[in-house]
Amino acid sequence: MAGLLFTPLAWAALSLLLDFRRGRWLSWLGMLIQVLVSLSLWFAVAGGGGFFYALAGWEAPLGIALRVDGLAVSFVLLTAAVATACGVHAGVYLDPGKSWQRYFWPLFWFLWAGLNGVWLGADLFNLYVGLELISLAAVGLVALGGEAAALRAALRYLFAALLGSLAYLLGVALLYGQFGTLSLTGIAGVVGATEPAAALALLLMLAGLALKTALFPLHGWLPPAHGIAKSPVSALLSGLVVKASFYIAARLWLELGDRLGSQLLAQGLGALGAAAVLWGSWRAFRQPYLKQVVAYSSVAQIGYLFLLFPLTYAVAEPVSRLAQQGITLQVISHALAKAAMFLAAGNLILSVRSKRVDALGGVSHFLPFSLFSFGLAGVSLMGMPPTGGFAAKWLLLQASLASGQWWWIAVLLLGGVLAAAYVFRIYRASFLEDSVSDDFYHPPKTLEAIPMILALLALGLGLVAEPVLSVLALPFEVAAGVTAVQP
Amino acid sequence: MNSLPPTVLIAASVLLPLLYPLLALRGVWRGALRALLPLLPLPALVLALLSATPWTLELPWLVLGSTWMLDELRRSFLLLTALLWSTAGLYAAGYLGAEQLRRFCVFWGFTLAGNLGLVLAGDMASFYMFFTLMTFAGYGLVVHEGSDRARFAGRVYLVMALVGEMALLAGFLLAFRAADSLLLADVAVATTAGGADGWLIAALFLAGFGVKAGLPLLHFWLPLAHPVAPTPASAVLSGAMIKAGLLGWLLTLPIGELGWAPWGQFMIVLGFVGALGAALPGALQRDPKTVLAWSSISQMGLMAVLVGAALAAPGHAPSLVPLIALFALHHGLAKGCLFLAVGLVLPASRVLRLLLWLLLALPALSLLGLPFTSGALAKGAMKDTLLTLPGLPLGAQLPLLLQAATLATLVLVARYAWLLWRQLQPGAAATARWAGWTLAVLCSSVLFWCLPGVG
Amino acid sequence: MSLTALLPILALLSSLLAAVVIFALPESSHRLRTLVNLLAAVLKLGIVAAMTWGVFRGVDFSVSFSMLPGVSFMLRADALAMLFAGLSAVLWLLTTIYAVGYLEDSPNRSRFFGFFSLCVASTMGIALAGNLFTFFLFYEMLTLSTYPLVVHRGTARALQAGRNYIIYTLGGGVVLLLGIAWLHGLAGDLAFRETGHFQSVDPALHGQLTLVFVLLVAGLGVKAGMFPVHGWLPQAMVAPAPVSALLHAVAVVKAGAFGIVRVVYDIFGIDFAYRQGLLEPLAWLAAFTVLYGSLRALWQLDLKRRLAFSTISQVSYIILGVTLFGPLGTVGGLVHLLHQGIMKITLFFCAGNYAETLGVHRVDELDGAGARMPATSIAFTAAALGMIGVPPLAGFVTKWTLGAGALAAQMEWVVLVLLLSSLLNAAYFLPIVYRLWFLPVAAPWPEERRWGRLETNAWLFWPPLVTMLLLVLVGLLAPTAFSPLSWAQLIAVRMYLP
Amino acid sequence: MRRLLVLVSLAACTALTIALALAVLVAAESAVVSELPQQLAASLGRSGVEHPTTAVLLNFRSYDTLLEIGVLVIAGMSGISLASTRSLEDPALRSSDVLLYALQRWFVPLMLLLAAYLLWAGSHRPGGAFQAGAVLAATGVLMRLGGLPMAFIRPGVLLRLGLVLGFAVFLLVAIASALAGEAFLAYPPGMAGGLILAIETVLTLSIGMILLALFVAAPVSAEHEPEEGGGS
Amino acid sequence: MSPDLLYALAGVGLCGIGLAGFLLLDHLLRRLLAFNLLGSGVFLVLVGLAQHRGGPDPVPQALVLTGIVVAIAATALAIVLIRRYFHLTGRTSLADAGDGQS
């Protein structure tokens, strides 16, 4: 447990002292440790159930407690998988000759630490700090290299993130002012049905988090940031970072939403999500640059996540559970698939030496492997069986049907078709055989293998969705005292 | 009852011609192809001559579950088919040039297989199968020459045949539902019991086989197709294959069942229309083969009259059916001879020429029904039976009509003889051609009397 | 894991693993790839044969695990599954052989064969799927794995065709998914069962179920090339011949037809569908498609396009058979599933041979090809005659059974449709046959290649001959055990006499 | 269009402000009296420091602080990653103004002293590592602006070490206790006070360094372009 | 109304002003200042509201301290980015791409 929190931070500190090449070896070692630790924690929770972990020996509300439940450890494991993949990829992908690349590793590790902090956090303020850690590290990663376009994207990103964080913090302030505690569980325990101030707080927090998650009208910052960053960074950002803020929003909603939320709010968020699905897909379809396509695809896919709100508000317990499971699967599969997609896109760009979609003509001759990974990931995004994306879509469909909110069905189905449109656009471009250029660079095997592994994971997720979901639904011993599990 | 001849023989009679086209696969086997032409129907001939009837062979694994059988009726048709095909085959061996020999032989084999098989078939599926095989392969024989005329004839032949096939398929399907059995023997009863369906079934069969048999209004293809085929093919087309339609009628129409008198009367009328109506266009033709084709329509009209009579007078059906078979045998052999003669050349010596004309006269006279010919037997029997049958339509006019029919035959035969006389040129022909023709004439005029089917 | 559970999985894996291995092989190792391909195909054939024997003996091959809450992944080999599995196993082997020859010296073979194997794995999955959900899973996988095959040539036309293909099939997939999800919401996870699920169902649900039925059939109808949604099929002709062969004979259109069979029989149950009056409209639609496809085929000059429209027509026979209430109709539809496959694949093989050997793509360029390529032409002729329904070829057995089924179901008009369609078939096939055999060579072949002794490449030479032999044998020996007909009868018996 | 947007934004801000004010009032009325201060007072004795805020910062909620320092480190290194910083000293700014120079010689030690005091005071009254670090950084800024030589701090390993030192020590303590069997970040009984002081000391150093580095990184002068990166 | 509540309300006001500035100002530095204003407002609300009933509460004070540090870090980083952006492009706003943050 401690190792989980310690390693990324320690590696961040250590790798700052080394240059890129040595940092790479160190980081790879660290990733190995992280994966092992995450796995062992996962197994510990899978075996013994979830628990609260009181940091510094002080229990909440005085101290900060970590909530170690099935969902959290699953996300920790997911983070370990995606981050490791991105890390290994980055180690090969990034050019060690550029001196600023040495800062990649510490930022990477801080990002990881922040993510773990958010997954496990149960303290509203601690979550804020975690979010800021993630945001700044992410901004740093985007800005790395310092070109004008990157700076511009980083600035937009930074401002959006800061505004979102402050909105969230304002909500925290209101909640603390009213309830005198920062523990989410504690607040959920005392909050009543009609609390206008708390409702406003929830609204503020959700708005802030939606901004950080790039929900539809607030998504403007995402495509430039994700599109301009180096591919492994984009993969991290799209795969994991945006999920962190959504995760907090979802936790808030599930704890407090039934009392502080309203049908209007829930449907409104859902509608924005739906709009994001359609608008994002459409925009993705129209982009001339490969990574912009993938970035807008993120906007669309994030839209699905916000269907959580209408599908869990004022519905029967089993329906709500279906929706939660669906959204969880969507988060996981999108993380895997999108990371795979960005990494594969990076490989493609590397090999054709152009970022344009229409430069891909004939690439299927030479790079079927990365293209294949890209396609597989795309399949998951489309929600085609047997991928995780499909499993998620299926559960959401069932939830929509069962709750009678049939209008989301149209969104789900249409979203899949639109996703197919932009994925197949890439495919189509790559199959075109009339290009004269035969000048392709062959990336190293490692670069090719990693997106494939991720894509296969996304694919396999659909097949093993049931076991995965059963871990997420592990019993959580709220009543049990602090049982500090040592690594 | 079921005195089954060796299965090998039965199989060989169909399989030999069916597998014979395999020889065409290699060009070097050309000689064998030609040599085998007359031998193909031999197993069938042996079967027809020697096997004791009736027998039934169950082949449940074949197509939809097949039954092959031979009874007296079928034996007669089998005999005709085998004889005519083997003589025509002999003729063909001497007639054909090297060009497109393989293609001709392929279609020849398939057509023969179909023709033999349909005679042996005891169930609908096999019958239909062989019938179709014959029809489609026959197309190859019709268009063999490749001339524009042949192609046009082939197209008409194929379109009409296809329509006929479809009528047959529908008929068989309906009959199958009515009878719940694939056996042809059950069709008649089921048709009679089938009510409105029964009428439809009978109509479909009448029309479907009518195409093949050259029933008036369904005959258009016949004067086109028969003449354009190579001579031996014309012979089998007009002599044997056309009889398949007749056999079809006999096997599928509710002959011997009560309640079909109107149908019988209708057929009689239709038959006479064919028998008499064919004379005029036939007499106007300039090609002896076309004249013969019209003559075939005319003769088939007479056979349709007989079938009609059998329908109209169910009580007399048992005596009428052998008569029809006899008539078919007679006509098939005689018509075959006449067709084959068209491809002959005049020999150099006068004696031989005389002999030629003499021999040629035999089948012609037979067709006219002159004494001591097969025609006399058949026509006499027909006349006797028809005139004694009660309750036929046109009863009063029957003698007159029969006279007229004979006159029509006479006109056509005379026209044929005249045209042939003008057409035959001196020259040399292969021995096989002579042998085939001679054999055919012999069969028609002499062997006829010895055949087991007669009587 | 017991053998009964293992075999279905192995059947799937044999081609799935082949795909993986092929993708991993470098482009240049042609021999090894061919070896892997053939090994996998033979292995699968063996497995399927073993399973068929087992199913015949009444062994229940099934394996399932829970995939999502309330939904399981289920493979099960019933008689119907083996019908389709057998078809794809046999034809896969032949098509693989053919494709090896066809793509000799062409680029991107690694990609091609990889997706090719994936495609077959999907087909196998469709065949063995034990419930609607699993079926859908492989159904969509099929869509995706065939796309690269359709656009394989990479020309603008191919890409256009691929786009249309994907629009149609994904659209169909969406409709299908909606139907499945809805049905799932109504009735839970539905395993395929020989008698269907709705013999006795709350009448209040009838309306919804009818709607679901329409959705499912509409979704499946896209792949089956049914009338209003057939547009992708003729365009997909730009794909290489083995792909067209596979698409038309085994995989895509058959998947749609097979799906409709499953939905009607094993989900709704033929009784329910009949009582609800769901069959009659479907029958009309199928009949219309039969005639429409044939009529359109008449006007096509491109050989493969003509064959494509013929497929549209022929596949609807299967659906027509399904809609004929009664065992005979069922047998007719099911047996055509196989027969059409064998016949159509022969035709496409031949069309490919003409294109590859002579450079001939159009019907009017075929004059006299019979003399130049007798074996291919014989195969083509046999298959064409089979399509027309000439006995004793495969097509006759189908037509006979369908006709008898229609009469048994008191739907006489169907017989009329069958006959009309046969005539139309003759009208567009016989001219080709005529050109092959009876016309002299009019012009030099557009692009002739020679391969020594045989008329064409040996890899291309044998497959059509083998399928021709098959199409003769399945008709000639229809009543024997393990023939398509008797297998279909076995299914019908298990369905109607549970 | 633009005006409309402005108006809408303003209206939205106003509405939000009013809503917020109302919410604050409502929340103030209905606020649950927190038990946290009491709990805190009860636990203060075990925290190792006397000032409650410092106790919260460095003991009860030390995880927040750890991450907070992490945020600082991120900002610092992101800053230096973008700038070409050869040295914290800028020769161009080196002044020859005697008066300024003299003033600085007075101020710098004084400020250092102030920083030390703030650090020490943190344990029992307002003050602490951050305040001390800020003063330290201010000293550095003054020195840079005044042109005092600071060549000893190069942006190489030493600078990075300085950046991360506080964080690293904090982390080390945290993990040490975890390895000893306590929870992560827990201090061994009795050693809390000393450890906190030690941590605060290094933190002060690092915070000062980070802020200074950010200050130095921000200016971009034309001569050093366009070669980016942190040197060495 | 206690002084603490007054603080909180003042914080609300700051929030409003900061937000308006953040949304409406194009110049990056001004926007950054607006952000700081907004942040201060939030901190005031946090401390003021919490202390309104229960008297001095060290927890929000500590939180605010942490928040300030974070804000400073972010501000500093932003300044570095802005400076460099200005240096490279000569621009002081992100304007031409429209409504990025709003």
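Predicted model: local features only at pLDDT ≥ 70, side-chain atom pairs only at ≥ 80, totals over all residues.

Biologist: How much of chain D is made up of buried residues?

Modeller: Of the 232 residues in chain D, 47% are buried.

Biologist: When two chains touch, how many residues of chain D and of chain A are in contact?

Modeller: Here one lists the residues on each side, and the case in this structure is that 47 residues of chain D are in contact with 49 residues of chain A. On the side of chain D that touches chain A, at least two residues each come from helix H1 (2–30), helix H2 (36–43), helix H3 (52–60), helix H4 (62–82) and helix H7 (157–179) of chain D. The largest share of that side, 13 residues, is supplied by H4(D). Sorted by class, the side of chain D that touches chain A has 30 nonpolar, 11 polar and 6 charged residues.

Biologist: Which residues touch the most other members of the largest nonpolar core?

Modeller: That core has 739 residues, and those touching the most other members are Val142(A), Ala154(A), Leu306(B) and Leu83(C). Helix H6 (residues 148–179) of chain A gives the largest share of this core, 23 residues. If we take Ala154(A) and leave aside its neighbours within four places in sequence, Ala154(A) is in contact with Val139(A), Val142(A), Ala143(A), Ala225(A) and Leu81(E).

Biologist: How should I read a pair of helices, and at what angle do the axes of H9 and H11 of chain B cross?

Modeller: One asks about distance, then angle, then handedness. The axes of helix H9 (residues 196–213) and helix H11 (residues 231–252) of chain B come within 7 Å and cross at roughly 160 degrees. Because angles over 145 degrees count as roughly antiparallel, H9(B) is roughly antiparallel to H11(B). The crossing in which H9(B) passes H11(B) is left-handed.

Biologist: Which residues make the contact between H9(B) and H11(B)?

Modeller: From H9(B) they include Phe205(B), Phe209(B) and Gly210(B), and from H11(B) they include Ile242(B), Leu246(B) and Trp249(B). By class, this contact of H9(B) with H11(B) has 7 nonpolar, 4 polar and 1 charged residues.

Methods. Residues numbered from 1 in each chain as written. Chains lettered and ligands numbered in written order. Axes fitted to C-alpha atoms, helices over the stretch in contact; angles between N-to-C directions. Helix = DSSP H or I, 4+ residues; strand = E, 2+ residues; numbered from the N terminus. Parallel < 35°, antiparallel > 145°, perpendicular 65-115°, else oblique. Left-handed = near helix turned anticlockwise from the far one by under 90°. Contact = placed C-beta atoms within 7 Å. Nonpolar A, V, L, I, M, F, W, Y, C, P; charged D, E, K, R; others polar. Core = buried A, V, L, I, M, F, W, Y, C linked by C-beta atoms within 7 Å. Buried ≥ 20, exposed ≤ 12 C-beta atoms within 10 Å, placed from the backbone.
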